[in-house]
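Here is a short tour of one protein model, written for someone who would rather look than calculate. Please keep the structure open beside the text as you read.

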Amino acid sequence: MTDTTETGMGPEATSGASQEAAQGGIKEKLVRTKERWAGEGRLLTGMTSTPDRDRLPPGQRLVTDWPVLDLGIQPAVAEAAARLDIDGLVENPLSLSWAELMALPQEERRNDIHCVTQWSRYDNDWRGISITALLAQARPRREAAFVTMESHDGYTTNLPLADLDRPENLLATHWEGKPLTRQHGGPLRLVVPHLYFWKSPKWIRRISLIAQDRPGFWEVRGYHDRGDPWLEQRYSA
């Protein structure tokens with residue numbers, strides 16, 4: 001899912017930022033607007049629920065398309081350049097090329113996705129690589145409690161390790177039977193369906209395990225540190 005809150009240039013730009021800038025520029029006005037919305041608590045309903053009780057989280061509306069909104073940058077990541085590093089507080093750091101990723105067992109998931117800008121889409125069929133299997137291979141150290149994730153456009157976001165290491169989560173390469181398109185994060189994106197979708201970074205290239213939490217791009221701009229849709233954790237305030 002790509003949404004204005006689910007992609008963007010992070011605080012630490014990657015070395016490829018100049019190349020990606022040629023494909024578009026950050027919409028600074030949009031970023032400022034979203035920061036203001038966070039400060040104002042815009043879109044909040046004040047209601048909470050649970051996925052067992054309500055399939056649709058509070059304040060969400062159901063859509064049948066897959067909206068494409070971004071910050072003006074959609075990096076073109078060739079499969080030859082796509083790779084995933086898992087490093088930090090792990091016993092066995094991984095640096096996997098696209099060919100190595102594709103040689104791993106492929107799994108399928110069906111889940112709903114929920115965007116912080118109030119839309120949800122049911123029954124998305126994904127194919128990709130189990131993140132729990134990769135974490136098991138990397139062997140997190142005892143002190144690892146959080147992860148920070150970085151994409152090819154420099155976007156960053158964070159998660160508790162427990163929220164990443166769940167069986168429904170997937171490093172997706174396909175959606176609805178077809179390879180992920182560039183605008184939806186192809187060739188590789190994370191899918192963490194139990195949280196708002198800005199926590200599922202597109203064009204992902206690195207996952208670092210850390211001991212202390214490190215907020216990412218939207219989290220330092222007023223968005224909630226965890227982002228549970230049923231608790232309506234849109235903003236930190």
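In which strand is the place of asparagine 111? Asparagine 111 sits in strand 4, residues 107-114. Helices (H or I, at least four residues) and strands (E, at least two) are DSSP runs, numbered from the N terminus.

Before going further, a word on the source: this is a predicted model, in which local features need pLDDT of at least 70 and side-chain atom pairs count only at pLDDT 80 or more, while totals for chains, interfaces and linings use all residues. Residues are numbered from 1 along each chain as its sequence is written, and side-chain values use heavy atoms, with hydrogens and water left out.

**Around asparagine 111**

With a relative accessible area of 10%, asparagine 111 is buried; buried means under 20%, exposed over 50%, and partly exposed in between (1.4 Å probe, protein chains only). Its side chain makes a polar contact of 2.9 Å with the side chain of tryptophan 126. A polar contact is a pair of N or O atoms within 3.5 Å; within protein, one must be able to donate a hydrogen and the other to accept it, and residues adjacent in sequence count only if both atoms are side-chain atoms. Across in strand 5, asparagine 124 stands opposite asparagine 111.

| Pair | Sense | Bridges |
|---|---|---|
| Strand 1 and strand 5 | parallel | 2 bridges |
| Strand 4 and strand 5 | antiparallel | 7 bridges |
| Strand 5 and strand 8 | antiparallel | 5 bridges |

Leucine 62 stands opposite serine 120 in strand 5, and arginine 127 has histidine 174 in strand 8 as its bridge partner. The hairpin of strand 4 and strand 5 has 4 residues between the strands, and there glutamine 118 takes a positive phi near 85 degrees.

**Helix 4**

Helix 4 (residues 131-138) has Ile131, Leu134, Leu135 and Ala138 as its buried residues. They lie on the same side of helix 4, because they cover an arc of only 100 degrees around the axis, taken from the directions from the helix axis to the C-beta atoms. Strand 2, strand 5 and strand 11 are among the elements that cover these buried residues. After helix 4 comes arginine 139, with a positive phi near 60 degrees.

**A buried loop residue**

Isoleucine 73 lies in the loop between strand 1 and strand 2, and counts as buried because its relative accessibility is 5%. Isoleucine 73 and aspartate 153 are 80 residues apart in sequence, yet 7.3 Å apart in space, C-alpha to C-alpha.

Methods: Contact = heavy atoms within 4.5 Å. Pairing = 2+ DSSP bridges.
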